[in-house]
Protein chains: 2
Amino acid sequence: MKTNTLVLASRPHGEPTAAHFRFEEQELPALQPGTVLLKTRYVSVDPYMRGRMSSAKSYVAPFAVNEPLSGGVVAEVVESQSTTLPVGSLVVGNLPWQEYCVAPEKSVSLIPAGSQAPASYYLGLLGMPGLTAYFGLLDICQPKPGETVVVSGAAGAVGMVVGQLAKLQGARVIGTAGSDEKVARLLQLGFDEAFNYKTADVAASLAAAAPNGVDCYFDNVGGAITDAVYNLLNKHARIALCGQISLYNSTTEPVGPRPEAKLLKTSARLQGFIVSDYLPRWPEGVRQLTEWYNQGKLQFDETVVEGFENIPAAFLGLFAGENTGKAVVKVA
Amino acid sequence: MKTNTLVLASRPHGEPTAAHFRFEEQELPALQPGTVLLKTRYVSVDPYMRGRMSSAKSYVAPFAVNEPLSGGVVAEVVESQSTTLPVGSLVVGNLPWQEYCVAPEKSVSLIPAGSQAPASYYLGLLGMPGLTAYFGLLDICQPKPGETVVVSGAAGAVGMVVGQLAKLQGARVIGTAGSDEKVARLLQLGFDEAFNYKTADVAASLAAAAPNGVDCYFDNVGGAITDAVYNLLNKHARIALCGQISLYNSTTEPVGPRPEAKLLKTSARLQGFIVSDYLPRWPEGVRQLTEWYNQGKLQFDETVVEGFENIPAAFLGLFAGENTGKAVVKVA
């Protein structure tokens, strides 16, 4: 059978556009023993995918031009030659952006039947973004009660979880976001302070929100917000470098104030990471996040775009800050 | 009695000069029980002192204008009201820049009588710089056999020890220095590669010297050398941020390529530190460095300037790269 497939048409230089994507019909292979035919239900679009659209070496291999893009997908088993995945099962895995696909049973994970969370949360709170928040905050930042934690991109899928986890640790939490609506949502979620970096004086707002300095910084954004945080670091501050979305579409090498002297004076630690660094501990993370969610201690937002044909728009929307929480595409 | 004293005449903006120092006679207090009269033998001049000449908050309190400067000093007890420090003892401590001074016995440490090392080494290999190298390399960088370690400012008091310690750990060691003579000395000390950053193409030389990338970077210098290292980091690289001497006299905020994306992609860790972070472990460090020195496994160089009146020149010489190894002033 043939299925609608989204391929990388060309590599963007700078801001990606719809022209860098192309839809085409691709033939699926026949089912073999141990494989399943999957119908895509939810597609995850994530900022890290911008890096994979370039040819530069990074922590994940680049997408190939004229080949399907791929990422986190929730899908339903519609035909099965697997003994572990019966028809009707919902699974999550790293899968090609196709309406249907054929996948080995071992390449996907079964979504627990009794889960209180919607299936799409396995692309968000209980998936890669939630685990990124969990390990980056708890393992790298290690906030202590009463410490001050700053989260940039706080209304995104990762940042929203980071802030709530930091509150669970007893920290004071400051978030930055790109609209007044997002700021209001962060305050509802329990953030102590939040401000709109597009309209506020970033350095002054941060300094006012962190009168005792900054002990932990979870950075999703980079650029001017990060520059401002560096000026407020306390002794032995910990910085989890998770993303730099403000710089991903830069066409020249980004330049800014050098941070080293500030990190040196404060004996600060800055740790780059990717969630796969913690692969052996993922089950622990999913278990703990699920427990906190079931106990009502964590909330989560999704921005759902409908229709397979709208995946490029949903992805491009990430860089315009259109999503609050996790951006997912629901496929009919 | 009065003694010749070196005070901070004014705070430098940018490059310090002799005009920022002033010699004056100061009256010493009378000896009290538990204090000693010390005659200064060796005065340590160190890059970090530049920071203390400014009023900006840093990890050590600023020097006060019109007050004596201070730092590491080796001195001889010439009068004693101490039961632990008899006349003739050699001690080391953080002391004012005076030809004579009165100090509480608890503010100084006795130099072991049977030490195979010259007394001045307690300002260098067996003092603050050696301990800085020891903890920064072994605790932060943690080089493994076969890994590649880069040391900037490698011919300085700290860098020279870092490189030798990295060789003792079985690593491949690359050093940067500011003259061909220093480069030759590094190769004698067992560095695998070394180059003169003033005459070489830094990025090309580093890339050629590190064909397998960089696992550890011990940074004394900052600026262009550090920028080049960031481009060569291997996955899970460790960076010990020890000094930024190339930027200390900058009169504007230093600007450069943003490192965050590079640290993120490699899951690298960057840790600022000051040797006092490791205060509880200093005895361990001195014991281990002394053992390796006594076994002939560590060599150390000093650049000795003679005469109390030449302390400012020796200090200013640090920023011109005049010293190989530890810069000390020998006081008659």
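Two residues are taken to be in contact when heavy atoms lie within 4.5 Å. By this criterion, in the predicted model examined here, the meeting of the two chains draws 37 residues from chain B and 37 residues from chain A. In chain B, the greatest losses of area to chain A fall on B:Arg258, B:Glu260 and B:Leu264, which together account for 26% of what that side buries. Between them, chain B and chain A bury about 3,000 Å², with 53% of this on carbon and sulfur atoms.

Chain B is superposed on chain A by a rotation of 180° with 0.0 Å of shift along the axis, at an RMSD of 0.0 Å. The two copies are thus related as by a two-fold rotation axis. The residue of chain B that comes closest to this axis is B:Leu270, whose C-alpha lies at 2.5 Å. Since 100% of the interface residues of chain B are also interface residues in chain A, the copies meet through the same surface.

Six salt bridges are counted between chain B and chain A; one of them links B:Glu253 with A:Lys262, with the closest N and O atoms 2.5 Å apart. Helix 7 of chain B gives the most to the side touching chain A, contributing six residues. That side of chain B comprises 17 nonpolar, 10 polar and 10 charged residues.

Strands take part as well. Strand 13 of chain A (residues 255–257) runs antiparallel to strand 13 of chain B, and three bridges join them. Within this pairing, A:Val255 stands opposite B:Pro257.

Terms used:
Residues numbered from 1 in each chain as written. Chains lettered and ligands numbered in written order. Predicted model: local features only at pLDDT ≥ 70, side-chain atom pairs only at ≥ 80, totals over all residues. Heavy atoms only, no water. Least-squares fit on C-alpha atoms with pLDDT ≥ 70 in both. Buried area = accessible area lost by both parts, 1.4 Å probe. Salt bridge = Lys/Arg side-chain N within 4 Å of Asp/Glu carboxyl O. Helix = DSSP H or I, 4+ residues; strand = E, 2+ residues; numbered from the N terminus. Nonpolar A, V, L, I, M, F, W, Y, C, P; charged D, E, K, R; others polar. Pairing = 2+ DSSP bridges.
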